[in-house]
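Hi there,

Here is the structure I promised to pass on. Have a look, and then read my notes below.

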Amino acid sequence: MPRHLDRGRTFTLLVLAAVSITLGGPAVAQAPRQKPQARESALAPVPPQDSELYCKNIAEAASDARIKWQTWKLISLEASLRDRIEELQRKEREFEKWVERREDLLNEVEDQVVSIIGRMRPEAAAAQLQTTDEEAAVGVLLKLKARVASSILDEMEPSRAAQLTQSMMGLTHPEIQRSF
């Protein structure tokens, strides 16, 4: 064997020896450590993982942050709810004004219609009320003077006059329900 190869082997052996002395044992490949068996792990406590420690350390801060976020969200929702309530109240006031104006207009128109029908001849007024719906006809008849209303009813078809009279009695005295 050539001499320079013999020196290479010697050098390699010396390096391996130095490494094994440094590591504290022979330069032999070691088998990987096996996990402790279930029996051993039940007896000895397992040290917590880094992720478990991290979660444990930030749990309180995360809880505080979640509470702050939920509080902010509730305050925001409460403010938007107040705005919505104010808007609805404003619309309700507008609607009430509109309904009031409409009722005033209807009352004025109704009073005018009652006045017109009251001045008509009973035959013409009966013909007009004969074709109107029951509720409107009853409303007009109730606002007319009793003598004018009776002369108009006298000119109507008997079944229609009876129907309107019964409705008028039901409106003025709801507890009395009579049939003719």
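How many salt bridges does a search of the whole structure find? In this predicted model, the search finds four, and here are some of them.

D111 belongs to helix 3, while K143 sits in helix 5 (residues 134-143), 32 residues apart. D111 is partly exposed at 43% relative accessibility, and K143 is partly exposed too, at 41%.

Two others stay inside helix 3. R90 and E94 are four residues apart there, about one turn of the helix, and the closest N and O atoms of their salt bridge are 3.0 Å apart. E87 pairs with R84 at 3.6 Å between the closest N and O atoms; these two are three residues apart, again about one turn of the helix. E87 counts as partly exposed at 29% relative accessibility, and R84 does at 45%.

Helix 3 also has an aromatic pair for you. F95 and W98 are stacked, 6.2 Å centre to centre with 25° between the planes, and they lie three residues apart in that helix. F95 is exposed because its relative accessible area is 52%, over the 50% cut-off, whereas W98, at 44%, counts as partly exposed.

Finally, look at the surface: E92, E96, E100, E103, D104 and E108 gather in a patch of negative charge. Of these, E92 is found in helix 3 (residues 50-119) and is partly exposed at 46% relative accessibility.

Best wishes

Conventions:
Residues are numbered from 1 along each chain as its sequence is written. This is a predicted model: local features need pLDDT of at least 70, side-chain atom pairs count only at pLDDT 80 or more; totals for chains, interfaces and linings use all residues. Side-chain values use heavy atoms; hydrogens and water are left out. Patches are made of residues with over 30% relative accessible area and no salt bridge: like charges are joined within 9 Å, nonpolar side chains (Val, Leu, Ile, Met, Phe, Trp, Tyr) within 5 Å. Accessible areas come from the Shrake-Rupley method with a 1.4 Å probe; for residues, only the protein chains shown count as cover. A salt bridge is a side-chain nitrogen of Lys or Arg within 4 Å of a carboxyl oxygen of Asp or Glu. Lys and Arg count as positive and Asp and Glu as negative; His and the chain ends are not counted. The place of a charge is taken as NZ of Lys, CZ of Arg, CG of Asp or CD of Glu. Buried means under 20% relative accessible area, exposed over 50%, partly exposed in between (1.4 Å probe, protein chains only). Rings of Phe, Tyr and Trp (its six-membered ring) pair if their centres lie within 6.5 Å; planes under 30 degrees apart count as stacked, over 60 as edge-to-face and the rest as tilted.
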